[in-house]
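Dear colleague,

Please find the structure below, together with its sequence. A summary of the findings follows it.

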Amino acid sequence: MCTKAAPATIYRKCNHKTDGVERIYHYLCLSIAHAPSQGLVYALDTDIVIKLPFQYTIPDDLDDDAIFYLNHGLRSFVAMERELAVYDAVANRQHTNIARRLEVNSSSCLFLERLQPLEEMWVNADEMMRHRWTRELVDAISCVEELGFTHGDLAIRNLAVDSFNRLKLFDFGSAITNDHYDYAADVKRDHSGLATCLHYILTGVDPFANVNSVQEVRQIESQLLGGRGSIGAGAEALTDVIQAGWTGQAASTKFSQVKERVEAIIGVAGPETASKTSEGHYQRLESRCAEWLKRATLDQRWMDPDDYCAACRAKGYEAEMDIWR
């Protein structure tokens, strides 16, 4: 089982293989090595990725390492549950700047359009495109808010670009609803994450680039929270917006209000300059996913979440998914 795949649609190559759900040994496992893992993602081809939760063999000897991996698997089930909830909500109002789920009749995995990482595409973007990406990001996160969620892990690694150079937000495995007990805290974190994303889009500078330890991350977070974050060239116009996110002053601000503020500064979207991917294209991708599923062989060891929890309890570990929800 690949233990390095990260919770995103776009990943760097990790060259791992898995004994996972659909016997996809020869497909490319993609990962972001520096990100926490919530599931496995494989590139089926140049247009499609498949995402599925981790699932580990339940050993007879439940030592600390075994329990760690079992909990990791349970968290992964919950992450998939959360992501599917967001995509179910988005299905009724598809948003151009949210990665497209490919509708296929499968409850064990998630098919998504394959995109290119923002970090790889940024160097080719001029100021006009960066401003458009800025508007697209605040529009996407406002849509998520309007649907009753907060993203929960708003970060540069969870932004990508499609073949028409449209920015897309993805990885909703940490998303929670607005009635969740931790919603306010996650909104505050997302405001900070949005500030970092906006700063990166406009300047190419990530304050957390090249960090090597949790301690370094905490030091940078402390600097930003204390108002000591530097604003790079290209982002000066949004200084107040970015600093409010970093310092926590925007914690109670709706993302729709941030969108209005950003558009008041850099302007609203003008006449359509970027093409949209056609519905016919997505329908063709969905047909390819369905054909792939027909050919795939389900690994007999794979269990649904309830059966997995029951199997854990049968081995003496009281597994409960609710504690991760």
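Is Pro207 buried or exposed, or is it partly exposed? Pro207 is partly exposed, because its relative accessible area is 21%; buried means under 20% relative accessible area, exposed over 50%, and partly exposed in between, with a 1.4 Å probe and protein chains only.

This is a predicted model, in which local features need pLDDT of at least 70 and side-chain atom pairs count only at pLDDT 80 or more, whereas totals for chains, interfaces and linings use all residues. Residues are numbered from 1 along each chain as its sequence is written, and side-chain values use heavy atoms, with hydrogens and water left out.

Pro207 belongs to the loop between H4 and H5; helices (H or I, at least four residues) and strands (E, at least two) are DSSP runs, numbered from the N terminus. Leaving aside neighbours within four places in sequence, Pro207 is in contact (heavy atoms within 4.5 Å) with Thr196, Ile220 and Trp246. Pro207 and Thr196 are eleven residues apart in sequence, with their C-alpha atoms 7.3 Å apart in space.

The largest pocket has a volume of about 1,600 Å³. A pocket here is an open set of points on a 1 Å grid over the protein atoms alone, where a 1.4 Å probe fits, with protein on both sides within 12 Å along at least five of seven lines; lining residues have an atom within 4 Å of a point. The volume is the space filled by probe spheres set on the points, which are joined across faces, edges and corners. The lining of this pocket comprises 43 residues, and Asp153, Ala155, Arg157, Val217 and Glu221 lie nearest its centre. At least two lining residues come from each of H1 (64-90), H4 (183-203), H5 (214-225) and H6 (239-247), and H4 gives the largest share, eight residues.

An open sheet is formed by three strands in the order S6-S8-S9, with antiparallel pairing. S6 (116-117) and S9 (167-169) stand at the edges with a single partner strand each, so one side of each is left without a neighbour in the sheet. S8 (residues 159-161) pairs with S9 over three bridges, where two strands pair if DSSP finds at least two bridges between them. The bridge partner of Ala160 in S9 is Lys168.

Overall, the protein has nine helices and ten strands, and buried residues make up 52% of its 325 residues.
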